[in-house]
Amino acid sequence: MTNETVLDKLQYLLGTLRDGEKGFKDAAEHATDPQLRQLFMERSVQRAQMAGDVESHISRLGDKPREGGSVGAALHRTWLNVRDALTGRDDYQVVAECERGEDVAVENYQDVLKEAELPAEIRSFVEGQYAQVKASHDQIRDMKHSMQAS
């Protein structure tokens, strides 16, 4: 695998993490339950730290981290803001949106990990981050199901 391909994969994950950071911050602002607000702010900070780690790898490999998140996520957030202005959100809807965002993050990490020729050091790094993203996804999914049952 070329250095350029590895950098592309890391830039892809960096966009995913920045989207998550913004998405969780937005969720914290919309949640009414103080515990949910706290959880979502913690996840936003976690994603910012993870993005910083990816930026370090990108810089070490000789590239400059790209600014911003993905275009798709920005468009999705814009759509949610329009919808929210019309309908509002309750905590269940906020958690459900977070789960959708986490679904995308899990898929993006899985896509990168499918690369057979990913250098061992980068693979190990990405696997460690994937474990954090997957654990977050599973917790939010379980929270959503618990709220549905209530």
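**A look at the helices**

Author: Let's start with Gln 129, which is found in helix α5. Helices here (H or I, at least four residues) and strands (E, at least two) are DSSP runs, numbered from the N terminus.

Reader: Before we go on, what kind of model is it, and how are things counted?
Author: This is a predicted model, where local features need pLDDT of at least 70 and side-chain atom pairs count only at pLDDT 80 or more, while totals for chains, interfaces and linings use all residues. Residues are numbered from 1 along each chain as its sequence is written, and side-chain values use heavy atoms, with hydrogens and water left out.

Reader: Thanks! Back to Gln 129: buried or exposed?
Author: Gln 129 counts as buried because its relative accessibility is 3%. The cut-offs are under 20% relative accessible area for buried, over 50% for exposed and partly exposed in between, with a 1.4 Å probe and protein chains only.

Reader: And what is Gln 129 in contact with?
Author: Setting aside neighbours within four places in sequence, Gln 129 is in contact with Leu 17, Met 50, Asp 53, Val 54 and Tyr 109. Contact means heavy atoms within 4.5 Å.

Reader: How far does α5 reach?
Author: α5 covers residues 120–149, 30 residues in total, and its first and last C-alpha atoms are 43 Å apart, close to the 44 Å expected. That expected span is 1.5 Å times one less than the number of residues.

Reader: Nice. How many helices and strands are there in the protein?
Author: Five helices and zero strands, so to speak an α-α-α-α-α run from the N terminus on.

Reader: How confident is the predictor, overall and by element?
Author: The mean pLDDT is 88, and 87% of the residues reach 70 or more; pLDDT is the predictor's confidence in each residue, from 0 to 100. Where pLDDT is low, the predicted coordinates should not be read in detail.

Reader: Then let's look at α2. What span should it have?
Author: The 27 residues of α2 should span 39 Å at 1.5 Å a residue, and its end C-alpha atoms are 39 Å apart, which agrees. Its buried residues include Leu 36, Phe 40, Arg 43, Met 50 and Val 54, and what covers the buried residues of α2 includes α1, α4 and α5.

Reader: What happens at the start of α2, and just after it?
Author: At the start, a side-chain oxygen of Asp 33 comes to within 2.6 Å of the backbone nitrogen of Gln 35. Just after α2, Gly 62 takes a positive phi of about 95°.

Reader: And at the start of α4?
Author: There, a side-chain oxygen of Asp 90 reaches to within 3.2 Å of the backbone nitrogen of Tyr 92.

Reader: Where is Glu 97, and what does its side chain join?
Author: Glu 97 is in helix α4, and it counts as buried because its relative accessible area is 10%. A 2.4 Å polar contact joins the side chains of Glu 97 and Arg 100. A polar contact is a pair of N or O atoms within 3.5 Å; within protein, one must be able to donate a hydrogen and the other to accept it, and residues adjacent in sequence count only if both atoms are side-chain atoms.

Reader: Switching topic: how many aromatic pairs does the structure hold?
Author: Two. Tyr 109 and Tyr 130 form a tilted one, 6.5 Å centre to centre with 35° between the planes. This pair links distant parts of the chain, with Tyr 109 in α4 and Tyr 130 in α5, 21 residues apart. Rings of Phe, Tyr and Trp (its six-membered ring) pair if their centres lie within 6.5 Å; planes under 30 degrees apart are stacked, over 60 edge-to-face and the rest tilted.

Reader: Are those two tyrosines buried or exposed?
Author: Tyr 109 is buried at 0% relative accessibility, and Tyr 130 is buried at 18%.
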